[in-house]
Amino acid sequence: MATTLMKPPTPALKDKPRTGAQRESRLGNVALFVLLAVGSLAMLAPLLWMFTTALKTKVQVFALPPVWIPNPPQWDTFIRMWTEAPILSGFKNSLIVALSVTIIGTFTSALAAFALAKLRLPYKNAIFLVLLSGLMVPYPTIMIPQFVMFSRLHWVDTLLPLIVPLLFGNIIMIFFLRQYLSTVPDSMIEAAKIDGASYLQIFRVMILPMIRPAIAAQFILWFMFIWNDYLAPILYLNTPEKQTLQVVIANLNVEFATQRDYPLIMAASFVALLPILVVFLIFQRQIIESVALTGSKG
C-alpha cells in the first residue's frame with residue numbers, strides 16, 4: 001500500500017524589508033506634501049488676512065505689531081456693509097450678468113465648437129481662423145466704437161452691453177471645445193446620422209455628456225472673468241443701483257478709504273469671493289475629470 005507523502009506546511013512569508021527605492025519614493029511624497037502644504041498656506045494667507053481685517057476695528061487695522069486675531073471680533077461689519085453701501089444691488093447685478101452670460105454663452109459656444117469640429121460646413125476652417133484673429137484685437141481699440149454704438153441704442157447705464165454681446169459665445173471656449181472634440185471619431189457621428197438622428201439630437205445625447213468635463217472647466221474660468229470684470233461695467237454703468245459688485249467695491253475704496261474704514265472694504269471684498277468659491281466647489285469633480293481625460297488622451 002503506497003504511503004502518501006505529506007509536505008510540511010510552508011512557513012508564513014515574512015514581510016520583505018523596504019528597498020531603497022521605496023524609501024526614497026516615500027520620502028519624496030512626504031517632501032512634496034510639505035511643499036504643497038506650505039504653498040497652499042502662502043496662497044491662503046491673503047484671504048485669511050482679508051477675513052481677519054474685516055473683523056478688526058479701525059485702530060486694530062493699523063496697529064503695530066499687527067493684530068492677527070481680533071479680540072473681540074467685529075461681526076457687525078458684515079451687517080453694516082449691507083446698509084452703508086449698495087452691496088446687495090451690486091451682488092444682484094453681478095449675478096444677473098455672470099449667470100446669464102455664462103449659461104447661455106456656454107451653450108452657444110458648445111454648439112459653435114461642435115459645428116466647427118464635426119459638421120461639413122463650407123469654409124469652416126476660414127471661419128475658425130477669423131474667430132481666432134478676434135483674440136488679437138485688444139479691447140481698448142474697440143471700446144470707444146462699441147460705446148458709441150450702445151449709446152445710440154440707449155443701452156448705456158443698463159446691463160445689456162454687458163450681457164448681449166457675450167450671449168453668442170466665447171472664442172477661447174470655442175477653441176478649447178473644438179480641440180477637445182477633434183479626438184471624437186467622425187464614424188460615431190456618421191453612425192448616428194445613419195440611425196436617423198439629427199445634429200441637435202447628436203449634440204444633446206452624444207456630444208454634451210462627452211464634453212461635460214471640458215465645459216465645466218471653461219465655465220468656471222469664464223464665470224471668474226465676468227464676475228471680476230471691472231473695465232466694461234465702469235464704462236457703461238453710472239447709477240449706483242445698476243453697478244456690478246466690483247464697481248461698488250471700487251467706489252468703497254474711494255469713499256471709505258478716506259475714513260480709514262478698511263474693515264468694511266475687506267468685508268465686501270470677502271463676500272465678493274464667495275460665489276466663485278461656490279461655483280468651484282460645484283464643478284470641482286468635473287474639472288478633475290477633465291484634467292484626467294486630457295492627460296490620458298495626450
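Modeller: Helices (H or I, at least four residues) and strands (E, at least two) are DSSP runs, numbered from the N terminus. Phe-219 and Phe-223 both lie in helix 10, four residues apart, which is about one turn of the helix. This is a predicted model, in which local features need pLDDT of at least 70 and side-chain atom pairs count only at pLDDT 80 or more, while totals for chains, interfaces and linings use all residues. Residues are numbered from 1 along each chain as its sequence is written, and side-chain values use heavy atoms, with hydrogens and water left out.

Biologist: Why is the pair of Phe-219 and Phe-223 called stacked?

Modeller: Rings of Phe, Tyr and Trp (its six-membered ring) pair if their centres lie within 6.5 Å; planes under 30 degrees apart count as stacked, over 60 as edge-to-face and the rest as tilted. The ring centres of Phe-219 and Phe-223 are 6.4 Å apart and the planes lie at 20°, so the pair is stacked.

Biologist: What makes Phe-223 count as buried?

Modeller: Buried means under 20% relative accessible area, exposed over 50%, and partly exposed in between (1.4 Å probe, protein chains only). Phe-223 has 2% relative accessibility and therefore counts as buried. Phe-219, at 11%, is likewise buried.

Biologist: What makes the pair of Phe-78 and Phe-270 edge-to-face?

Modeller: Their centres are 6.4 Å apart, with 75° between the planes. Phe-78 lies in helix 3 (residues 76-84) and Phe-270 in helix 13 (residues 262-282), 192 residues apart.

Biologist: How do you know that Phe-78 is buried?

Modeller: The relative accessible area of Phe-78 is 15%, so Phe-78 is buried.
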